[in-house]
Amino acid sequence: MAEAPLLQIRNLETYYGPIMAIRGVSLEVHTGRVVSVLGANGAGKTTLLKTISGIMDPEKGQILFEGREIQGREPHHIVRAGIVHVPEGREVFPLLTVEENLALGAYTRNDRAAIAHDRDLVFSYFPILAERRRQEAGTLSGGQQQMLAIGRGLMLRPRIMLLDEPSLGLSPLLVQEIFTILRRLNRDVGVTMMLVEQNAKAALDLADDGYVMELGRIVMSGTASRLKESEDIKNFYLGAHQASERGERRWKKKKTWR
Amino acid sequence: MNKYVTTPEQTVVRGVTVNAIPGQRPVLIDGCDTIPALFRDRARTYGPATAHREKKLGIWRSRSWNDYWNHAKWIGLALHHLGLKRGEVVSILSEDRKEWLYCDMGIQGIGGVSSGIYTTDSASQLEYILKDSDSRFLFVENEEQLDKLLEIPDGAPGVSKVIYFEREGLHELNDPRFIFIDDLYEIGRAQEAETPDLFDRAIDETRPGDLALLIYTSGTTGMPKGAMLSHENILAACESGLRALPSDSDTEQLCFLPLCHILERDASIYFPLTVRATVNFAESPETVFDNLREVSPHVFTAVPRVWEKIYSRVTILAQDATAIGRLAFRLSLRCGMKRAEAQLAGKPVPALLAAEYWVWDILVLRNLRRLLGLDRLRQGTSGAAPISPALLKWYHAIGVQLLEGYGMTENAGLASVNRLDANRQGSVGQAVPGVEIRIAEDGEVQTYGLNNFMGYWRNEEKTAETYTEDGWLRTGDVGELDDQGFLRITGRLKDIIITAGGKNITPAEIESRLKFSHFISDAVIIGDRRKFLTALIMIDQENVEKFAQDRKVPFSDFASLCRAPEVVEMIRAEVEQVNREFARVEQIKDFRLIDVLLTAEDEELTATMKLRRSFVEKKHKALIDDMYA
């Protein structure tokens, strides 16, 4: 890819007090692509997203968005630049209605006609939200809240959406539904996405490119189709069963990330 | 014990009675002439005292000499009950743990031959060794290792029983061929009730010249060969070790390298048996540094890679310290370096410098050593591969006496070692007492002593090739002896490269110079029958990642790290640095980085993480062809 990446992260290091959560991460997201970052608990995925959206400050390294350094800037500057963070666990405003939540998503904008258009767009992708537009968000189901969180993010017309575990706590069917919508959003509206996930299968099916994080480092990267073929990914993330002569097997081969 | 017509004159070295003149027959250690006889003597004398410690559920638990003896005895008796005959081979496929030692002693006690297999070996390598050695029994650590046996197409039918140490995941196993170790002990106890003196009798029947161990050496070409070591070979090495190394009965040590390798086998089973030292088993290869700190051993034997890792850790720790801490560390290191230079050159240390060092030692260096677990260390030893002189000096500077030694499986692991009172850097020391070293006309290092092995298992042709006509062992290494008998190793005889221009080049010399760079973990020089020399280089992941991180060089995975132009340039500078020390025909014209992170399971690496020339040349042919295209 010759064009410069939309988002480029170089040698990022982030700490929680004395604990180094991200130990030198570099990655790229190109316009129009969907990039998945896989990893187990504590790999540093959420920290990575929080550092990009300005909630946390990095100790070292750069975050380049459209070629400009944005690391360490305040979150509201970063939102205005077009980076939207859909946090883990939805974090919708429970006492506000669906419509009010969406309106807050467009807080930085003042072009009313366009906002109304975008709200209709969200409703067309998530018809259930239209049905429940006047309902308090706290009374929605988990899947609906996730849809609302994504919809709220879309209201900003983001240049890139950072999605933190959109599949968390959702039934397989709902995960499939939401990921299908994400795919459509990417194809039809051209939203660039970076999502971190533990649900490797869903994430790799959706993504164009992928990275694997372990203990704050990237251990593997490549196109999603290449990652899906990797033995380590199959065994450790996609739950492939390693057969043995005895028919049962507890142990797993060491990871080599090739 | 056998009765000899004459017992040679005896002397006492650090509480152990040995022959007054080393290197003579019969080799006696406290009057014992075989390994199991010595083991029995230690168990009887020190019964309830601690022999090893193993960490279980976070607590170090002691095991006595009695435990050691009883379990070994039960294993030996049970194997006898199950049909093991004198001189037959039993293999052990396990990480280091106390049962490894129990098996080793039990097998030898009953007259069997003990053979260790690397846990990193593949199923096909396991198959080869089991069949080549005609193993009658196999001890496996756990489910993972057991599955390797099950992968062998015909199941290695020569192995009549397989005994496993860990039951997790194997409760469902219902096959009379597989026995849990506790059940084996039961068989041994029952046999003991029946024939209480059988194990003792078996020990008495063993002769010093009998085969004790079979050690498969990772041949760089072809299949591994089984080196045969007798009881006398091992006791001769123990006698030399007693005189050349500073261990005694108060010594604590840490066992963590594979026991299949002669270095750890000597250091953690036979030498401690001789001096009655206490061996602590590391929990796993990943926890070695924590275990080191907990145990704080008095002697520590490791391969250069481990010493390099400790160094890297300190450097990284120092950079993350406060500004004052960094300054103090830098100043104390500078003072330590000056002192080390004077000492290593054999000059007296000026009084002022000594006083300055004393202060830094109290303020900084002593704490550093405590942090690393090297505060009680009398001597650290490095072997199995060449170590960088700069690294030796650095350890000297922080107050750690790190000395280099030399040996190989074929001479029971010990031929020469530097000593605290006889140390010459860049050399591997003087010959140990009982061993003689000479340099042949073609430059080959040859050794002579009772530690020289019996030959290769069922391979008389190779055995004959390994000995000279007058009975000296051909090590295959090229080296020099200086005026005081210090040996310097320069290369491998077989690896000599003849370039297209007809020049002879010893690649090992260039390779070890490359390895002295902290960024290069190993290298292979290519150039046989070619116009010029090139190198395949394996980078040190940790240090190069740190380099990239510090210089803001973006990378994601290992392959992208190897691709980063800054990294390639940095390695090029390292290569050029090395080139300056060599003649024109020995210049490395080009190089490539091996961009996969190799593990011990890969056939390109030995168990001690050295690159294997033949496999590297085969597997990375594309990279090589690219350089000569």
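**View 1. Helix 2 of chain B meets helix 6 of chain B.** H71(B), K73(B), W74(B), I75(B), L77(B), A78(B), H80(B) and H81(B) of helix 2 touch L184(B), Y185(B), I187(B), G188(B), R189(B), Q191(B) and E192(B) of helix 6 in chain B; contact here means C-beta atoms, placed from the backbone, within 7 Å. Sorted by class, these contact residues come out as 7 nonpolar, 5 polar and 3 charged (nonpolar: Ala, Val, Leu, Ile, Met, Phe, Trp, Tyr, Cys and Pro; charged: Asp, Glu, Lys and Arg; polar: the others, Gly among them). The axes of helix 2 (residues 65-81) and helix 6 (residues 181-194) of chain B come within 7 Å and cross at roughly 80°, which makes the two helices roughly perpendicular (65 to 115 degrees). Axes are lines fitted to C-alpha atoms, for helices over the stretch in contact, with angles from 0 to 180 degrees between N-to-C directions. Helices (H or I, at least four residues) and strands (E, at least two) are DSSP runs, numbered from the N terminus.

This is a predicted model: local features need pLDDT of at least 70, side-chain atom pairs count only at pLDDT 80 or more, and totals for chains, interfaces and linings use all residues. Residues are numbered from 1 along each chain as its sequence is written, while chains are lettered from A and ligands numbered from 1 in the order in which they are written.

**View 2. A 3-stranded open sheet in chain B.** The strand order is 26-27-28, with mixed pairing; strands pair if DSSP finds at least two bridges between them. Strand 26 (520-526) and strand 28 (588-593) of chain B sit at the edges with a single partner strand each, so one side of each has no neighbour in the sheet. From one strand to the next, the twist averages 25°. Strand 27 (residues 533-539) of chain B runs parallel to strand 28 of chain B, joined by 5 bridges, and A535(B) stands opposite F591(B) in strand 28. Helix 16 (residues 507-515) of chain B lies across strands 26 and 27 of chain B, at about 155° to strand 26.

**View 3. Domain 2 of chain B against domain 3 of chain B.** An automatic or database assignment sets the bounds: domain 2 of chain B is 300-449 + 468-492 and domain 3 is 497-628. Here 14 residues of domain 2 contact 13 residues of domain 3 in chain B. Helix 11 of chain B gives the largest share of the domain 2 side, 4 residues.

**View 4. Chain B touching chain A.** The contact takes in 20 residues of chain B and 21 residues of chain A. On the chain B side, helix 5 of chain B brings the largest share, 5 residues.

Key. Contact = placed C-beta atoms within 7 Å. Parallel < 35°, antiparallel > 145°, perpendicular 65-115°, else oblique.
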